[in-house]
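User: Could you walk me through the covalent and charged side-chain links here? I'd like the cut-offs as we go.

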Amino acid sequence: MRKIIIGVGVVMALFTIHNAQAQDCKVNLESISGTYEGACKKGLANGFGEAKGKDTYKGEFKKGLPHGKGVYTWENLDMYEGEFVKGKMEGQGVFTAKSDQEVITGYWKDGEYIGKEKDPFNLLNRGSSIMSVKGVRLSGDKDQVDIVFLKKGKRISTQEITLRKVEGNFANIIQNGFKKEIQQINYPFRVMVSGPGSFEFKISQPGHWEVNVELMAN
């Protein structure tokens with residue numbers, strides 16, 4: 001009987017230590033920082049665990065943040081299952097809206113949905129007079145694509161270039177200095193461009209993009 005009592009005492013002591021460790025294990029994302037159960041390292045959630053606050057997350061953590069694969073459930077029961085990087089949705093995943101059961105599959109970057117393709121900018125083809133085509137997302141505040149042609153690193157006129165839409169829609173095309181602006185775009189957007197050089201590209205992530213086209217020197 002004495003051994004059993006001692007054993008129970010040890011178990012209770014370990015349980016108390018475990019609880020103290022769990023309470024000391026911090027989650028660095030405010031929306032899920034109420035309670036935490038799971039692996040811990042240096043006082044931070046690290047490894048597999050479950051955190052509950054206003055929202056709930058169950059999955060992999062690193063340095064106190066969702067990092068790796070997991071399931072995030074919002075207060076309204078919307079849910080995302082997929083990959084996270086430093087507390088934000090990033091990588092492949094599935095979002096399900098509880099209200100209407102809408103399901104969105106594809107890729108996320110920095111917490112934003114970028115479409116069904118991993119790379120939101122895709123160069124589909126280019127003519128021999130073009131050295132390179134690079135797409136850069138400037139911001140998410142407006143849905144616009146600016147096309148800029150360069151030769152030897154200097155901007156040249158885009159006055160003569162023509163566009164043929166393949167996918168998506170837009171409201172206006174205007175000439176603004178040395179760039180052609182395609183405004184009020186509905187994404188995904190795919191277009192063929194003809195001018196000093198011909199190429200075709202597709203953008204799946206909404207936002208303000210700049211497409212820089214470097215022509216051959218000769």
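**Disulfide and salt bridges**

Analyst: C25 and C40 are joined by a disulfide, with an S to S distance of 2.3 Å; the term is used for a pair of cysteine sulfur atoms within 2.5 Å. Please keep in mind that this is a predicted model, in which local features need pLDDT of at least 70 and side-chain atom pairs count only at pLDDT 80 or more, while totals for chains, interfaces and linings use all residues. Residues are numbered from 1 along each chain as its sequence is written, and side-chain values use heavy atoms, with hydrogens and water left out.

User: OK, and how many disulfides does a search of the whole structure find?

Analyst: The search finds one disulfide. C25 lies in the loop between α1 (2-24) and β1 (35-41) and C40 in strand β1, so the pair ties together parts that are 15 residues apart in sequence. Helices (H or I, at least four residues) and strands (E, at least two) are DSSP runs, numbered from the N terminus.

User: Which hand does the disulfide of C25 and C40 have, and why?

Analyst: The disulfide is right-handed, because the torsion about the S-S bond of C25 and C40 is about 115°.

User: Is C25 buried or exposed? And what about C40?

Analyst: C25 is buried, at 7% relative accessible area, whereas C40 is partly exposed, at 37%. Here buried means under 20% relative accessible area, exposed means over 50%, and partly exposed is in between, with a 1.4 Å probe and protein chains only.

User: Switching to charges, how many salt bridges are there?

Analyst: The count comes to nine salt bridges, where each is a side-chain nitrogen of Lys or Arg within 4 Å of a carboxyl oxygen of Asp or Glu. One of them pairs R190 with E200, at 2.5 Å from N to O. That pair links distant parts of the chain, with R190 in strand β16 (residues 186-194) and E200 in strand β17 (residues 199-203), 10 residues apart.

User: Are R190 and E200 buried or exposed?

Analyst: R190 is partly exposed, with a relative accessible area of 29%, while E200 is buried at 5%.

User: Which residues do salt bridges that share partners join into one network?

Analyst: E117, E167 and K202 are joined into one network in that way.
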